[in-house]
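Thanks for coming. I have one model to go through today, so please look at the sequence and the structure while I talk.

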Amino acid sequence: MRHADLYSLWGEPLAGVKEQINKLKKAAEAANKPQPQVSLSVRLIIGPTEQLAWQRAQQILADIQQNPTFQNNGSLSGHKIKGVGSQRLLAAAQQGDRHDRALWMPTASAVGAYGDTTALVGTPDTIIAALLDYVDLGVTTFLNRGYDPIYDTVDYGRYIIPAVRDEAAKRNKQIA
């Protein structure tokens, strides 16, 4: 805590993110330091309609499961869970596939939660609202990527980033 200015989380259910941010605040207070900014990494699966977004999500999951390195035990070949973040993702996934407004866990389960593997699924409006739910908890930075980097990047720049920045600014919270 003494040397940190950024704390990173993966896309977890809101209750878990709130708990982690509260722990961070207490640790910063105990160290007599300012609270680090909080970054949240989550993949975004966007569709023009909710139905199309969920169809795309299911196809992405099927593609992951057909990957030649995928094993029947639900993890990538040779991967071992290394951190408590992965353990939290798998625990949340055991509670259900969907959480909160748009958080989807099966992609994390399919690869053993080895990293940034959960997703927010929906229309741009749904995803914007879901990201703002995290802003309201204290997330200050997002690291988002998708499964089709070129097209996803265009959609993020066109629909997601400007709207989240504008609304976060209205809420007087800085988003990098």
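In which sense do strand E2 (residues 37–46) and E5 pair, and over how many bridges? E2 and E5 pair in the parallel sense, over four bridges. Pairing here requires that DSSP finds at least two bridges between the two strands. Helices (H or I, at least four residues) and strands (E, at least two) are DSSP runs, numbered from the N terminus.

Some housekeeping before I go on. This is a predicted model, where local features need pLDDT of at least 70, side-chain atom pairs count only at pLDDT 80 or more, and totals for chains, interfaces and linings use all residues. Residues are numbered from 1 along each chain as its sequence is written, and side-chain values use heavy atoms, with hydrogens and water left out.

Now the overall layout. The protein has six helices and six strands, and from the N terminus on they run β-α-β-α-α-β-β-α-β-α-β-α. Of its 176 residues, 44% count as buried. Buried means under 20% relative accessible area, exposed means over 50%, and partly exposed lies in between, with a 1.4 Å probe and protein chains only. Contact means heavy atoms within 4.5 Å. Among contacts between residues at least 6 apart in sequence, 71% join residues at least 24 apart.

Back to the strands. Trp-104 has Ala-119 of E5 as its bridge partner.

How covered are these strands? E2 is mostly covered, with nine of its ten residues buried. E5 (residues 119–122) is covered on both faces: Ala-119 and Val-121 are buried on one side, Leu-120 and Gly-122 on the other.

Leaving out residues up to four places away in sequence, Ser-39 touches Leu-6, Tyr-7, Ser-8, Leu-9, Thr-141 and Leu-143.

Next, the cores. A nonpolar core is a set of buried Ala, Val, Leu, Ile, Met, Phe, Trp, Tyr and Cys residues joined through side-chain atoms within 4.5 Å. The largest has 32 residues, and Leu-120, Tyr-134 and Ile-160 have the most contacts inside it. Helix H1 (14–30), E2, helix H3 (84–94), H5 and helix H6 (149–170) each supply at least two residues of this core. H5 gives the largest share, seven residues. Ile-160, neighbours within four places in sequence aside, is in contact with Leu-44, Ile-46, Pro-124, Ile-127, Ile-128, Leu-131 and Asp-155.

Why does Asp-152 count as buried? Its relative accessibility is 3%, so it falls in that class. Asp-152 touches Arg-56, Gly-146 and Tyr-147, not counting residues up to four places away in sequence.

Grid points are joined across faces, edges and corners, and a volume is the space filled by probe spheres set on the points. The structure holds one cavity of 30 Å³ or more; the largest cavity has a volume of about 40 Å³. Its lining includes Leu-14, Asp-100, Leu-120 and Tyr-134. Helix H5 (residues 124–137) supplies the largest share of that lining, three residues.

Last, two backbone angles. Most residues other than glycine have a negative phi. Asp-100, from the cavity lining, has a positive phi of about 55°. It sits in the loop between strand E3 (98–99) and E4, and is partly exposed, at a relative accessible area of 46%. Asn-32, in the loop between H1 and E2, has a positive phi near 55°. Asn-32 counts as exposed because its relative accessibility is 69%.

Methods: 1 Å grid on protein atoms, 1.4 Å probe; cavity = no way out; pocket = protein on both sides within 12 Å on 5 of 7 lines; lining within 4 Å.
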